[in-house]
Amino acid sequence: MKTYLVTGGAGFIGSNFIHYLFKKYGDDIRVINVDKLTYAGNLENLKDIEDKSNYQFVKADICDSETIQTLFENNDINRVVHFAAESHVDRSIKNPDVFVKTNVLGTLTMLNAAKAAWEKEDGTYPEDHKFLHVSTDEVYGSLEEEGGYFYETTPYDPHSPYSASKASSDFLVKAYMDTYRFPANITNCSNNYGPYQFPEKLIPLMINNALNGKNLPVYGDGKNVRDWLYVEDHCKGIDMVMEKGRLFETYNIGGHNEKQNIEIIHIILDQLRNKLEDSDPRKAAVSEDLITYVTDRKGHDRRYAIAPDKIKAEVGWYPETMFEEGIRKTIDWYFEHEDWMKRVTSGDYQKYYEEMYNR
Ligand code: NAD
Ligand code: DAU
């Protein structure tokens, strides 16, 4: 039986990954989801699986070494998929400390607990045990507007407190692999989009604002480029690296789908207009007039673009969802989950939004 310890499973990618696992493996696996339930963690994302006998939720901080160690002692965990992190660049610019705590010290706690549970007396590890550290392409820094890609060999050059904390966590994982031959992989993925993404990130924020007739805040000139991947394709990549990736290797995940931010916003507006009935009063408000250029993000990286050659060649991964289909599915999902959006945008998120955009 494969027993997964998924950290940050109540967040955007983590909850999609847990759904992916149950869809693919059904009752042949056990999943323990450890999440602190910060503003970004939402158990509603997992409502449909919460009663499964092979699923367990544990509310805990990954920095709490005692609780994490106990989890390893009481469960025969052989796969760790480590998502838990503070993930939003703008928040890291305002408040870097929690990023270092969760992303760096939390990763160290996870590594120590897994190592203590798995390492044999002779310093080797049992077969079929692996720690997969989920990381980001932002560790590589920023590319020129024209040409160039991030490869696994690209030197790290993080610019934001978020990417610096993720780079530090990657280096810790690399150090554990090199020093202790700790069985791990690192994946560095590009920007994800899809269901359950918290509306502080570009795509859900723009969908939500447009539907509510609110301004669409574009940072700088709107020409920064991100390489968008549908979240299910990322989940598939993580699962494939877990099963087929060579130990101690890093794999970049991305689907060659570069778009300027302003292009994304026009696509969203077009799709929303197509989707809304003529009789819907929101339709008239969904317009380019909402686009508002605002002060640029500090240290804003210009362009990200992943070269996925290694993951394609070694594990046979490829993206299945083209952007046109993925964005349509995403917009459909947000339409069908208006209550979800209302609930996550009440309370703390409102406070954050006022602070970020009403300056
Ligand atoms: P998210 O912010 O939506 O979710 C993070 C989850 O981690 C939340 O459920 C939160 O409650 C939990 N968490 C935060 N601090 C914790 C702590 N101290 N202890 C336990 N749980 C804690 O993030 P996401 O977008 O789903 O990203 C998940 C991972 O994937 C992150 O490591 C991120 O760096 C990486 N990543 C994200 C993207 C992307 O586009 N979103 C792309 C590449 C890599
Ligand atoms: O590249 C992977 C990374 O993608 C992940 O590691 C991060 O966790 C994830 O948050 C994401 O980071 P970005 O900073 O690229 O994503 P975000 O959605 O915050 O912004 C995408 C682009 O849109 C970026 O160029 C900034 C711009 N933007 C964003 C917001 C929220 C705007 O112009 N206006 C906005 O209001």
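Biologist: How do the residues of the shell around ligand 2 divide into nonpolar, polar and charged?

Modeller: The general idea is a sorting by residue type: Ala, Val, Leu, Ile, Met, Phe, Trp, Tyr, Cys and Pro count as nonpolar, Asp, Glu, Lys and Arg as charged, and the others, Gly among them, as polar. Here the shell around ligand 2 has 11 nonpolar, eight polar and six charged residues. A word on the ground rules: this is a predicted model, where local features need pLDDT of at least 70 and side-chain atom pairs count only at pLDDT 80 or more, while totals for chains, interfaces and linings use all residues. Residues are numbered from 1 along each chain as its sequence is written, chains are lettered from A and ligands numbered from 1 in the order in which they are written, and side-chain values use heavy atoms, with hydrogens and water left out.

Biologist: Which residues are the closest to ligand 2?

Modeller: A residue is near a molecule if one of its heavy atoms lies within 4 Å of it. By that rule 25 residues surround ligand 2, and Asp 137, Tyr 162, Arg 297, His 300 and Tyr 357 are the closest. Helix 6 (202-211) and strand 8 (216-219) each supply at least two residues of this shell; helices (H or I, at least four residues) and strands (E, at least two) are DSSP runs, numbered from the N terminus.

Biologist: Which polar side-chain atom lies 2.7 Å from an oxygen atom of ligand 2?

Modeller: A polar contact is a pair of N or O atoms within 3.5 Å; within protein, one must be able to donate a hydrogen and the other to accept it, and residues adjacent in sequence count only if both atoms are side-chain atoms. One such atom belongs to the side chain of His 300. The side chain of Asn 191 also places an N or O atom 2.7 Å from a ligand 2 oxygen, and a backbone N or O atom of Ser 87 lies 2.7 Å from an oxygen of the ligand. Taken alone, ligand 2 exposes 690 Å², of which the protein buries 95%; these areas come from the Shrake-Rupley method with a 1.4 Å probe, and for residues only the protein chains shown count as cover.

Biologist: Now for the other ligand: which element gives the most to the shell around ligand 1?

Modeller: Strand 5 does, with three residues. Helix 1 (12-25), strand 5 (130-136) and helix 5 (161-180) each supply at least two. Of the 28 residues around ligand 1, the nearest are Ile 13, Asp 35, Ser 87, Tyr 162 and Lys 166. A polar side-chain atom of Asp 35 is 2.5 Å from a ligand 1 oxygen, while a backbone N or O atom of Ile 62 is 2.9 Å from a ligand 1 nitrogen. The protein covers 97% of the 830 Å² of accessible area that ligand 1 has on its own.

Biologist: Which strand pairs with strand 8?

Modeller: Strands pair if DSSP finds at least two bridges between them. Strand 8 pairs with strand 13 (residues 291-294) in the parallel sense, over four bridges.
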